[in-house]
Amino acid sequence: MTDHVDRVLAQWAEQAPDLDASPMAVVGRVKRLAHIIETELRAAYKSHDLDAAAFDVLATLRRSPPPHRLTPAALMHSSMVTSGAISQRLDRLEERGLITRTRRTHDARSFDVTLTEAGLELVDKALLDNVATQNRLLAGLTRTQRDRMAKDLRGLLESLGDIDRMR
């Protein structure tokens, strides 16, 4: 059985036989996989009237210890977006009543972002669908294959300098 990437590699082998196109076997499949995953996750978020950015903020707050409160800077670091982008996300979530922003008592220049009960309820439902979608997408792999792939991908990311500086 061949896939799109196999056909591309065969075309390169025919048209440029001296070219080592073997990296395309991995990178091409990772790109196609990322597209499929993003499409499926977007659908899962949409079923909860969320987008990926909103889910990211809510999930980041949810995985922080109760009362599920972080500063915008901590959210920005976790999301790796600009302060302007995080502000827009927070504005939209606050308008929907999913988060609150309150001034910090020890620093009036900054504030805390906290999940509301509605936000907590919504992110918990969306999280279940998110994980179910990921499980469905990975159903073709055994647990051993998943673990190996996760380890290999971590190693590749680390080799490219994508390491957690919080360690």
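Predicted model: local features only at pLDDT ≥ 70, side-chain atom pairs only at ≥ 80, totals over all residues.

Tutor: The largest nonpolar core has 22 residues, and the members touching the most others are Leu 50, Leu 58, Leu 61, Leu 75 and Ile 99. At least two core residues come from each of α2 (23-46), α3 (52-62), α5 (83-95), β3 (107-115) and α6 (117-137). Helix α3 gives the largest share, 6 residues.

Zoom in on Leu 75. Leaving out residues up to four places away in sequence, Leu 75 touches Val 57, Thr 60, Leu 61, Leu 70, Ile 86, Leu 90 and Val 113. That list includes Leu 61, itself one of the core members with the most contacts to other members.

Now the rings. Search the whole structure and you get 1 aromatic pair. It's Tyr 45 with Phe 55: the ring centres sit 4.7 Å apart and the planes meet at 25°, so this pair counts as stacked, the cut-off being under 30 degrees. Since Tyr 45 belongs to helix α2 and Phe 55 to helix α3, the pair ties together parts 10 residues apart in sequence. Both partners are buried, because the limit is under 20% relative accessible area and Tyr 45 comes in at 7%, Phe 55 at 9%.

The surface has nonpolar side chains too. Met 149, Leu 153, Leu 156 and Leu 160 make a patch of about 380 Å². Among them, Leu 153 lies in helix α7 (residues 143-159), and with 39% relative accessibility it counts as partly exposed.

Terms used:
Residues numbered from 1 in each chain as written. Heavy atoms only, no water. Core = buried A, V, L, I, M, F, W, Y, C linked by side-chain atoms within 4.5 Å. Buried < 20%, exposed > 50% of the residue type's maximum accessible area, 1.4 Å probe, protein only. Helix = DSSP H or I, 4+ residues; strand = E, 2+ residues; numbered from the N terminus. Contact = heavy atoms within 4.5 Å. Patch = residues over 30% accessible without salt bridge, like charges linked within 9 Å, V, L, I, M, F, W, Y side chains within 5 Å. Areas by Shrake-Rupley, 256 points an atom, 1.4 Å probe, with all protein chains shown as cover. Salt bridge = Lys/Arg side-chain N within 4 Å of Asp/Glu carboxyl O. Phe/Tyr/Trp six-rings, centres within 6.5 Å; stacked < 30°, edge-to-face > 60°.
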